[in-house]
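Here is a structure to read through by question and answer. Each answer sets a value against the rule behind a word.

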Amino acid sequence: MSSTEGAPAGVVPAQLLKGQKAMVTGANSGIGRATAIGLGRAGADVVVNYVAGREEAEKVVDEIMAFGVRAAAYEADVSKEDQVVAMVDRMVQEFGTIDIMVANAGLQRDAPFTEMTLAQWQKVIDVNLTGQFLCAREATKEFLRRGVVPEVSRSAGKIICMSSVHQVIPWAGHANYASSKGGVQMLMTTLAQELAPQKIRVNAIAPGAIKTPINRSAWETPEAQEDLLRLIPYKRVGEPEDIAHAAVALASDLMDYVVGTTLYVDGGMTLFPGFATGG
Ligand code: NAD
């Protein structure tokens, strides 16, 4: 996939995030990858976090540097406190500061409820919820230390939590995942309320069905795709760039008054499509 795919020329102002420093977790695949590239295209310097797959991360770095901005790949497991602390410290040392944290890393470990092991439950909560807590906390410490720099942004920092439509749609067979995303919703709104007086904007994006490796089986075959489209009023499966565009906009000062909001980017999946024909 080329770096410009999914981003029609002229749609993303090249200087929208000029001079800002962004970190995207889980950025060597899917939504994180597209978001890191989108932020770079908009003029931000970008740290590409990955937990495994250095080569893929370096490819994302190369794509971002082609926009004439800085980028680097940092390895860290977002569920490990010492690794997140060290990663944000390293960014502050090497890039000077952080302005945008996109807490995107996430995974699924699906199982029918009575077969779900504690390890499956714990892994998903550790990465999807605790990982966002740790990344948001470490970024916030630097936002507070530095404060607002008006030439860079009207806010002292932006946190974007990658949630899911499953923060509100129950999902049988995915109790751990849905619980983690429900937790992200309350984490995000609570942080937004707590940090807004310090000029820190915390928001979330709730993607619907986006074509990435996490849900390959849901869109890979024509039959699976047809099933999926029944849940999407807009009648197309989302692309990672759909989320990247939302993240760039949310991170920018165009959205400076947007605080504590979840932006659903889901083709209408949360509109109870089953009720479109009578209900
Ligand atoms: P993906 O599998 O392509 O990407 C997930 C990324 O997170 C990968 O880079 C993976 O290595 C990374 N990751 C996993 N555990 C990690 C850890 N401990 N530390 C650091 N990185 C780690 O999937 P995706 O669809 O791009 O998912 C990105 C986010 O979007 C996730 O939070 C997911 O829940 C959310 N989401 C995706 C969809 C969708 O339809 N694809 C829908 C709703 C929400």
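**Strands, helices and buried residues**

In strand S3, Ala72 is the bridge partner of Val47. The model is a predicted one.

Q: What makes S2 and S3 a pair?
A: Two strands pair if DSSP finds at least two bridges between them. Strand S2 (residues 45-50) and S3 have 5 bridges, in the parallel sense. So S2 and S3 count as paired.

Q: Why is strand S3 called largely enclosed?
A: Buried means under 20% relative accessible area. In S3 (residues 71-75), 4 of the 5 residues are buried, so the strand is largely enclosed by the rest of the structure.

Q: In what order do the strands of the open sheet run?
A: The order is S3-S2-S1-S4-S5-S6-S7, with 7 strands and parallel pairing.

Q: Why are S3 and S7 said to stand at the edges?
A: S3 and strand S7 (262-265) each have a single partner strand, so one side of each is left without a neighbour in the sheet. From one strand to the next, the twist averages 20°.

Q: How do you know that S6 and S7 pair?
A: The cut-off is at least two bridges. Strand S6 (residues 200-207) and S7 have 4 bridges in the parallel sense, so they pair. One of the residues involved is Ala206, whose bridge partner in S7 is Tyr264.

Q: Which strands does H1 lie across?
A: H1 lies across strand S1 (21-24), S2, strand S4 (100-103), strand S5 (157-162) and S6. H1 runs at about 170° to S1.

Q: Which strands does H3 lie across?
A: H3 lies across S1, S2, S3 and S4. The angle of H3 to S3 is about 155°.

Q: What values describe a pair of packed helices?
A: The angle between their axes and the distance between the axes.

Q: Why is H1 called oblique to H8?
A: The axes of helix H1 (residues 30-41) and helix H8 (residues 240-251) cross at roughly 45° and come within 8 Å. That makes H1 oblique to H8, because angles under 35 degrees count as roughly parallel and 65 to 115 as roughly perpendicular. The crossing of H1 and H8 is right-handed.

Q: Which residues make the contact of H1 with H8?
A: H1 gives Gly30, Ile31, Ala34, Thr35, Gly38 and Leu39. H8 gives Pro240, Glu241, Ile243, Ala244, Ala247, Val248 and Ala251. By class, the contact of H1 with H8 has 9 nonpolar, 3 polar and 1 charged.

Q: What makes H1 roughly parallel to H2?
A: The axes of H1 and helix H2 (residues 54-65) come within 8 Å and cross at roughly 20°. Angles under 35 degrees count as roughly parallel. So H1 is roughly parallel to H2. H1 passes H2 in a right-handed crossing. Arg33, Ala36, Ile37 and Gly40 of H1 meet Val60, Glu63 and Ile64 of H2. These residues divide into 4 nonpolar, 1 polar and 2 charged.

Q: At what angle do the axes of H3 and H4 cross?
A: At roughly 35°, with the axes of helix H3 (residues 81-95) and H4 coming within 9 Å. The crossing of H3 and H4 is right-handed. In H3, Glu81, Val84, Val85, Val88 and Val92 take part; in H4, Leu134, Cys135, Arg137, Glu138, Ala139 and Glu142 do. The contact has 7 nonpolar, no polar and 4 charged residues.

Q: Why does Met87 count as buried?
A: The cut-off is under 20%. Met87 has 3% relative accessibility, so the residue counts as buried. Met87 lies in helix H3. Leaving aside neighbours within four places in sequence, Met87 is in contact with Met23, Asn49, Tyr74 and Ala76.

Q: Why is Leu129 called partly exposed?
A: Buried is under 20% and exposed is over 50%. Leu129 has a relative accessible area of 23%, so it is partly exposed. Leu129 lies in helix H4 (residues 118-146). Beyond four places in sequence, its contacts are Val124, Ser180, Gly183, Val184 and Leu187.

Q: What makes Gln132 buried?
A: Its relative accessibility is 1%, and the limit is under 20%. So Gln132 counts as buried. Gln132 is found in helix H4.

Methods: Residues are numbered from 1 along each chain as its sequence is written. This is a predicted model: local features need pLDDT of at least 70, side-chain atom pairs count only at pLDDT 80 or more; totals for chains, interfaces and linings use all residues. Side-chain values use heavy atoms; hydrogens and water are left out. Axes are lines fitted to C-alpha atoms, for helices over the stretch in contact, and angles run from 0 to 180 degrees between N-to-C directions. Helices (H or I, at least four residues) and strands (E, at least two) are DSSP runs, numbered from the N terminus. Angles under 35 degrees count as roughly parallel, over 145 as roughly antiparallel, 65 to 115 as roughly perpendicular and the rest as oblique. A crossing is left-handed if the near helix is turned anticlockwise from the far one by less than a right angle, and right-handed if clockwise. Contact means heavy atoms within 4.5 Å. Ala, Val, Leu, Ile, Met, Phe, Trp, Tyr, Cys and Pro count as nonpolar, Asp, Glu, Lys and Arg as charged, and the others, Gly among them, as polar. Buried means under 20% relative accessible area, exposed over 50%, partly exposed in between (1.4 Å probe, protein chains only).
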